[in-house]
Amino acid sequence: MNDTFMKTRPVLPLLVSMALPNVISMLVNSLYNIVDSLFVARISEQAMTALSLVFPVQNLVNAISIGFGIGINAQIALHLGAGDREKADISATHGMALSILHGLLCTVAGIAIMPGFLRRFTSDESLVSMGVLYATIVFLFSIVNMADLAFEKMFQAVGRMNTTMIALIAGCVCNIALDPVLIFGLGPVPALGIAGAALATNLGQLVTLCIYLYCYATSDLPVRLCRRHLHFEPALDGKLYAIGIPAILNLALPSLLVTFLNGLLAAFSQSYVTVLGIYYKLQTFLYLPANGIVQGMRPLVGYNYGAREHGRVARLYNLTLGLSAAIMAVGTVLCLTISGSLIGLFSSNPETIAIGTTALRIICLGFVVSAVSTTSSGALEGLGKGVPSLVISLCRYVFFIMPLAWVLCRTLGPTGVWHAFWITEACSAAIAFVVYRRAVSKR
């Protein structure tokens with residue numbers, strides 16, 4: 001395969017061709033998240049609350065798989081851009097082996113900590129029981145999840161975006177189809193309730209992995225997994241973690257934030273905790289298309305940076321920023337105009353709908369400006385600059401929003417937590433712009 005197209009094709013059609021499959025697969029994945037939650041909400045609002053409480057730990061496991069995958073992606077793209085295919089192969093092989101190890105550790109740790117974690121936020125033992133059941137089934141497939149993401153980032157690093165799109169869509173469609181069957185029962189299949197939702201998720205991930213394995217075995221992928229490369233490579237593994245760990249922390253910080261905000265909101269009403277969980281489901285649907293564009297940009301900036309095409313890196317960044325801002329503007333309009341209907345998809349409780357309507361209309365004020373932070377973080381990860389990317393995320397998820405939420409909820413009540421979101425995005429965007437410019441100027 002001739003992979004030099006990453007530095008020779010015009011920037012706009014190149015970015016669109018790389019990003020569009022990601023955007024489509026992200027939209028389908030977002031639809032799955034929404035549909036999955038709709039089915040769970042039909043069990044009971046208590047089931048939806050259980051999922052909201054499990055979300056931070058589940059998101060942490062996903063952060064480890066995606067974040068380390070970003071390290072794999074960046075190293076493969078940088079080595080291919082520099083013309084060193086052997087190091088690209090070694091990076092892919094070590095990345096896959098370490099991802100499987102991470103999956104095993106997450107399975108053991110996730111199942112072990114969940115009962116105690118849930119009891120920190122509720123004394124309702126039925127809620128704890130539902131959350132533990134769901135989490136246990138999901139975490140049993142952590143190895144499959146980790147392998148999925150490692151393959152995804154490997155295929156994306158060499159420009160095979162259509163493969164990742166097909167694999168992700170197939171897994172999501174399988175998941176959506178199995179949700180009603182396993183949750184409510186059909187024919188000989190018994191109704192499994194919340195356990196059925198978890199099992200449908202796992203089976204969807206397994207379908208995705210099978211597709212990746214088939215495509216890897218039957219294609220001429222320029223990066224190969226080789227057993228002979230499984231030798232001690234501390235310098236290379238160090239580079240994988242140097243990018244992967246900041247990326248993991250970037251993605252894990254929302255879990256820390258949700259846990260913190262759940263603690264603040266639970267003091268007022270369980271409905272506020274439910275609304276926060278619903279918001280993050282909707283946020284996934286709104287942000288993932290923009291993140292799909294960032295994913296398309298990431299291997300391109302890595303490849304061009306490795307090939308010393310710094311002008312193209314700058315053009316890719318600016319184009320991605322504009323497209324991401326446009327998508328977030330659409331999300332803002334939707335939240336301002338149909339916020340009540342969006343919350344009503346997940347709850348029929350009038351109190352929850354009223355709280356959620358107010359929350360969406362306030363939080364969405366920061367959507368457009370957040371494109372600066374997400375684009376800058378993604379570009380820095382693609383360039384192998386994990387620490388500056390982590391600084392941006394720390395501003396978004398720790399340094400600004402946590403103190404602001406704590407102060408504002410004591411002066412404005414629970415509504416103050418919603419105001420902390422848009423204020424944080426505005427402050428973080430300013431920091432992100434400066435951090436990105438300084439990082440790329442040091443070459």
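Helix H3 and helix H9 (234–266) each supply at least two residues of the lining of the largest pocket, where helices (H or I, at least four residues) are DSSP runs numbered from the N terminus. A pocket here is an open set of points on a 1 Å grid over the protein atoms alone, with protein on both sides within 12 Å along at least five of seven lines, and lining residues have an atom within 4 Å of a point. H3 gives the most to this lining, with three residues, and the residues that line the largest pocket are Gln-75, Leu-78, His-79, Ala-82, Lys-87, Lys-239, Ile-243 and Gly-384. The space in the largest pocket is about 170 Å³, a volume being the space filled by probe spheres set on grid points that are joined across faces, edges and corners.

This is a predicted model, in which local features need pLDDT of at least 70 and side-chain atom pairs count only at pLDDT 80 or more, while totals for chains, interfaces and linings use all residues. Residues are numbered from 1 along each chain as its sequence is written, and side-chain values use heavy atoms, with hydrogens and water left out. The pLDDT, which is the predictor's confidence in each residue on a scale from 0 to 100, has a mean of 86 for the protein, with 97% of its residues at 70 or more. Among the elements, helix H1 (residues 5–8) has the lowest mean pLDDT (70), and helix H15 (residues 401–411) has the highest (94). Where pLDDT is low, the predicted coordinates should not be read in detail.

A nonpolar core is a set of buried Ala, Val, Leu, Ile, Met, Phe, Trp, Tyr and Cys residues joined through side-chain atoms within 4.5 Å; buried means under 20% relative accessible area, exposed over 50%, and partly exposed in between, for a 1.4 Å probe and protein chains only. The largest nonpolar core has 102 residues, of which Ile-76, Phe-367, Val-417, Trp-418 and Phe-421 touch the most other members. Helix H3 (residues 45–81) gives the most to this core, with 13 residues, and the core draws at least three residues from each of domain 1 (8–231) and domain 2 (252–441), bounds that come from an automatic or database domain assignment. A second, separate core of 26 residues includes Val-313, Tyr-317, Ala-432 and Val-440.

Trp-418 shows what such packing involves: leaving aside its neighbours within four places in sequence, Trp-418 is in contact (heavy atoms within 4.5 Å) with Leu-265, Tyr-272, Val-275, Leu-276, Ile-355, Ala-359, Ile-362 and Ile-363.

The structure also holds two cavities of 30 Å³ or more, a cavity being a set of grid points where a 1.4 Å probe fits but cannot get out.

Leaving aside its neighbours within four places in sequence, Ile-431 is in contact with Cys-395 and Phe-400.
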